[in-house]
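I opened a new notebook page for this protein chain. My plan is to go from the whole chain down to single residues.

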Amino acid sequence: MTTFESDLHLPVTCVDASEQFLSKLKGVEDPEKKRKIIGREFIAVFDDFAHKLEQKIGKRPEYLVQGTLYPDVIESCPPPGSGRTHSHTIKSHHNVGGLPKDMKLKLIEPLKLLFKDEVRKLGGILNVPDSFLKRHPFPGPGLAVRVLGDVTQGNALEVLRQVDEIFVQSIKDAGLYDKIWQAFAVFLPVQTVGVQGDQRTHSNAVVLRAITSEDGMTADWYYFEHAFLVDVVNKICNNVRGINRVCQDITSKPPATVEWE
């Protein structure tokens, strides 16, 4: 929002619909169902805002402009121009395969045939601030695809935010942020036995994932120095209540996708 207001001077309205999303996601564990629900609610929020705006200015907005990229399209449906009507859906991106068929707004996707690195070059031409262009990608469905299973379980979201903050800030402090394509934490819906002080613990585990990539279609895991990982794990276990085990994801894409769900 700061970038929109201070740097790009765009009159953007921020809508907090978190409770609306979470109420619909409660109890849902299947990742594809979660993505479909998020896609549906995503459009519902825009439709609702469009209706309110129509009442305010007397004209209903007609278009929904999205920053859909080519990898989103490839993973959600057959590539354009391929002539195929069916392909194996890897995952429905909320802004592609997750959109409802009865959507009222007309869709405009000016970037949908570009990869992330190409969009960053375009952003540079348009004088978008460098700090904004270099930000790591963030999944459209948000943390819902980084909390495995039911995203509303306990305080999973808050725990995940704390772990993610420690991990990413440590990467920045070490001067590694711009060397990594994407870094994040994943909350696992499993509890493991541990010991802290003289006490037995039965708490959750989290996974740290950091990758390097050129376009997001393929990726390799980033190799951290041993001392860095020791420091990060100690910070997480000592500062985040409810976590007693930290794992590292060292799987490339393929066979894994970048996000866990």
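**Entry 1: contacts and ground rules**

I began with contacts, meaning heavy atoms within 4.5 Å. Of the contacts in the protein chain with a separation of 6 or more, 66% link residues 24 or more positions apart.

I noted that this is a predicted model, where local features need pLDDT of at least 70, side-chain atom pairs count only at pLDDT 80 or more, and totals for chains, interfaces and linings use all residues. Residues are numbered from 1 along each chain as its sequence is written, and side-chain values use heavy atoms, with hydrogens and water left out.

**Entry 2: the whole chain**

I listed the helices and strands, which are DSSP runs numbered from the N terminus (helices: H or I, at least four residues; strands: E, at least two). The protein chain has eight helices and six strands. I read their order from the N terminus as α-α-α-β-α-β-α-α-α-β-β-β-α-β.

Next I looked up the overall size. The C-alpha atoms fill a box of roughly 65 × 45 × 40 Å along the principal axes. The radius of gyration is taken over C-alpha atoms, and the globule rule is 2.2 Å times the number of residues to the power 0.38. For 261 residues, a compact globule would have a value near 18 Å; the protein chain has 20 Å, which agrees.

Accessible areas come from the Shrake-Rupley method with a 1.4 Å probe, and for residues only the protein chains shown count as cover. The protein chain exposes about 15200 Å², and carbon and sulfur atoms supply 54% of that area. I sorted residues by relative accessible area: buried is under 20%, exposed is over 50%, and partly exposed is in between (1.4 Å probe, protein chains only). Of the 261 residues, 43% count as buried.

I also checked charges. Lys and Arg count as positive, Asp and Glu as negative, while His and the chain ends are not counted. Each charge is placed at NZ of Lys, CZ of Arg, CG of Asp or CD of Glu. I found 32 positive and 34 negative side chains, and the centres of the two sets lie 4 Å apart.

Which strands pair with it? Two strands pair if DSSP finds at least two bridges between them. I followed E3 (residues 182-196) first: 12 bridges join it to E4, and the two run antiparallel. Gln182 stands opposite Ile211, and Ala185 has Leu208 as its bridge partner in E4. Two residues sit between the strands of this hairpin, where Gly197 takes a positive phi near 70°.

I then looked at E6 (residues 243-248). Five bridges join E4 to E6, and these strands run parallel. Here Ala205 stands opposite Arg245.

E5 (residues 220-221) pairs with E4 in the antiparallel sense over two bridges. The bridge partner of Ile211 in E5 is Trp221.

I looked up Asp47, which lies in helix H3 (residues 31-57). Asp47 is buried, with a relative accessible area of 14%. Leaving out residues up to four places away in sequence, Asp47 touches Arg60, Lys104 and Leu105.

Asp48 is also in helix H3. At 40% relative accessibility, Asp48 counts as partly exposed. From Asp48 to Val258 I noted 210 residues in sequence and 32 Å in space, C-alpha to C-alpha.

**Entry 3: Lys24**

Lys24 is in helix H2 (residues 18-25). Lys24 is partly exposed at 44%. Beyond four places in sequence, Lys24 touches Ile37 and Glu41. Ile37 is 13 residues from Lys24 in sequence and 7.1 Å from it in space, C-alpha to C-alpha.

I found a cis peptide bond joining Lys253 and Pro254, with omega about -15°. The peptide bond from Pro254 to Pro255 is cis too, with omega near 15°.

Which residues other than glycine have a positive phi? His9 is one of them, with phi near 55°. His9 lies in the loop between helix H1 (2-7) and H2, and is exposed at 60%. Asn127 has a positive phi of about 65°. Asn127 lies in the loop between helix H5 (116-125) and helix H6 (130-133), and counts as exposed at 66%.
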